[in-house]
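Here is a short briefing to read alongside the coordinates. Have the viewer open, and let's walk through some backbone details and the packing.

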Amino acid sequence: MSSNPVIQRIQQDVADNEVVLYMKGTPVFPQCGFSAAVVQVLTELGVKFKGIDVLTDPSLRQGIKEYSSWPTIPQLYVKGEFIGGCDIVREMHASGELAQLFQSRGVGTKAA
Amino acid sequence: MAMDAAEIERLIKQAIPDADVAIEDLRGDGDHYAATVVSAAFAGKTRVQQHQMVYQALQGRMGEQLHALALQTAPPPTA
C-alpha cells in the first residue's frame, strides 16, 4: 500500500468497484468530450460503472495520473486493471474487443 | 498554450527513431491533434504500453501544453 492517501483511495476504489471511470464531470453531466465519449461507450454496452469526478478534487486529478503513469483523463479501470483512455476505449469498442474484455472478466453487459 | 505539429513529431522521433509519424491538426488551433505512430518498437506491447511510450516521448507535455492528442499506435504491418 502506498503511504500517499490519494493513491490509497484510488487503490480502494478500483478494488471495490468492478468498473471505474475517472472522468471530468459526472456520467450524467460530463464536462469534457473525451469523458463523454467513454460514458457513451459504456452505456451502449450496458456496463454498470462508478464514475469518479476528478474536477472535484485537484489532488485526485493529479494522483490518478501518477497512479497509472497516464497523463490524461478519462481513465477506465476494470477489476483493478487500467484499460486505457478515450482513444483506446473507442478503438477497442469499435473492434469488439471491449465487449470481449468485459465478458472475459465476468462483468455484466447488456448482451450477456 | 499550444504546440507545433513539427515539435510533436520531433519529440516522438527523438524517443522512437524508427517511428512513422502522421499528425493532423484537427481544429487548426495548435491544440487539438490526432497522431498516428507506427513503429517496430510497439511489437508485442499492449496499447496502453504503446501509448505510454509516446507520452513519455512528449516528456510531460501531454495534458499540459498539449490538451488533446488523439493517439493511434501500431507496429508496422508484417510484410
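This is a predicted model: local features need pLDDT of at least 70, side-chain atom pairs count only at pLDDT 80 or more; totals for chains, interfaces and linings use all residues.

**Backbone and core briefing**

A:Pro74 sits in the loop that runs between α3 and β3 of chain A.

**Backbone geometry**
- The peptide bond joining A:Ile73 and A:Pro74 is cis, with omega about 15°.
- The loop between α3 and β3 of chain A also holds A:Ser69, which has a positive phi of about 50° although it is not a glycine.
- A:Ser69 is exposed, because 11 other C-beta atoms lie within 10 Å.
- A:Lys79, not a glycine either, has a positive phi of about 50°; its place is the loop between β3 and β4 (81–84) of chain A.
- With 16 other C-beta atoms within 10 Å, A:Lys79 is partly exposed.

**Around A:Val78**
- A:Val78 belongs to strand β3 (residues 75–78) of chain A.
- A:Val78 counts as buried because it has 21 C-beta neighbours inside 10 Å.
- A:Val19 is 59 residues from A:Val78 in sequence, yet their C-alpha atoms are 4.6 Å apart.
- Leaving aside neighbours within four places in sequence, the contacts of A:Val78 include A:Ile83, A:Leu101 and A:Phe102.

**Nonpolar cores**
- The largest nonpolar core has 30 residues, and A:Val20, A:Leu21, A:Tyr22, A:Val38 and A:Val89 touch the most other members.
- Elements giving two or more residues to this core include α1 (5–16), β1 (19–23) and β3 of chain A.
- A second, separate core has 15 residues, among them B:Tyr33 and B:Met62.

Conventions
Residues are numbered from 1 along each chain as its sequence is written. Chains are lettered from A and ligands numbered from 1 in the order in which they are written. Helices (H or I, at least four residues) and strands (E, at least two) are DSSP runs, numbered from the N terminus. A residue is buried if 20 or more other C-beta atoms lie within 10 Å of its own, exposed if 12 or fewer, and partly exposed in between; C-beta atoms are placed from the backbone. Two residues are in contact if their C-beta atoms, placed from the backbone, lie within 7 Å. A nonpolar core is a set of buried Ala, Val, Leu, Ile, Met, Phe, Trp, Tyr and Cys residues joined through C-beta atoms within 7 Å.
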